[in-house]
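Here are a few friendly notes to read alongside the model.

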Amino acid sequence: MIKLIKKYPKQTDIFILILGFSIGANFFVFFKMVGLDELGIQINARLNDYHWSTPTLTGIMIGLGFSALEYRIFPYLSPKLKAYQLFILRFITFSVSIVLSLISVNLIVDVLFLGHTFNYAIKEISWFLKTALFLNLFLYLMFLGVSLNFIRAIGNRFGHGILINYILGKYREPVEENRIFMFIDLNGSTKIAEKLGHTKYSRFLNKCFSDLSTLLPKYDAEIYQYVGDEAVVTWDLALQEDVTKPAFLFFEYEAILLKNKADYLGKFGIVPTFKAAINAGPVIVTELGTRRKELAYHGDVLNTASRVLELCSKMKKRLLTTSILLDKFKNKKELQVNFISELVLRGKNASTFVYEVALGKSVLENRH
């Protein structure tokens, strides 16, 4: 179940919206029907016409409407609008989506299921829109939409699988997991920051990591954290059939940055390049803090990955890895693995075997 959620985050988001609105709409109708709130008007007769299918259909339509807005409209408008403009647009479009869904469902139910004429159905809808019931239902659905979007945002921030485990309290006590980590770092970050200035540099990094985030679902990856100009990406080894995904994610990320070269040059005058380091092994996962809780990974795996990343700069390499996943990388004909050195990394006593990972000649020829 967790594996499917991680693999299909977009579909999970849509499912959350549809299921949430469907259940929420049914709860609203149920509590009205049991007489918890009469709102000062005679609505019992009207509610007696309701069947579970009516609020469910309403929830499905609103959920689909919200999904279309979130995935078809707002991704294109967000970069062009200021925060307050986007908030106003969301409020207006969500309001219209809810009202149109309520009107459509009432029309369908009245005409197709209750056998009323179209004119009668229009009169019923006109009456419904003027009642306190409609106002309460509208406000309730708007609040429900905000709550569901908040859940979605948290899930997208930490990963839906991690969110579920967090809710279930899995990480209240330290838990050991076998994980892959890839540290991805911007090349020449200091010079770029000086050239662009703080504000523009921040926009530059945001675009870089936005391009990276588009690949995460495809490779079943999760963002652990962003640290300045560095992103830490992680995979649960127990859920991975193919542990070479980090390498292919990195190379496809390079391809996306190159594809967007004109956009980067037009906006920033710079085309970003990144280096990365991969390591895997056991780590401790736990919640940190009391007021502001954060999920944290502890272990030598991360320290080693960080040290290997430093070698990328010193040796002018794009992607380095330790020997932990070496056999899997070597067995991939699309990848080429070269031994770099046996090194004693800073802060470690034992030596570490470091390898360079590159795309095979056949892949490079196909790209060109």
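Is F204 buried or exposed? F204 is buried, with 0% relative accessibility (buried means under 20% relative accessible area, exposed over 50%, partly exposed in between, with a 1.4 Å probe and protein chains only).

1. A word on the basis. This is a predicted model, in which local features need pLDDT of at least 70 and side-chain atom pairs count only at pLDDT 80 or more, while totals for chains, interfaces and linings use all residues. Residues are numbered from 1 along each chain as its sequence is written, and side-chain values use heavy atoms, leaving out hydrogens and water.

2. The whole structure has 18 aromatic pairs (rings of Phe, Tyr and Trp, the last by its six-membered ring, with centres within 6.5 Å; planes under 30 degrees apart are stacked, over 60 edge-to-face and the rest tilted). One of them, F21 with F66, is edge-to-face at 4.9 Å centre to centre and 70 degrees between the planes. F21 lies in helix α2 and F66 in helix α4, so the pair ties together parts that are 45 residues apart in sequence (helices are DSSP runs of H or I, at least four residues, numbered from the N terminus). Both F21 and F66 are buried.

3. Back to F204: its ring pairs edge-to-face with Y264, 6.0 Å centre to centre and 75 degrees between the planes. This pair links helix α10 (residues 198–213) to helix α12 (residues 261–268), 60 residues apart. Y264 is also buried, at 0% relative accessibility. Y201, F204, Y264 and F268 form one aromatic cluster.

Notes. Helices (H or I, at least four residues) and strands (E, at least two) are DSSP runs, numbered from the N terminus.
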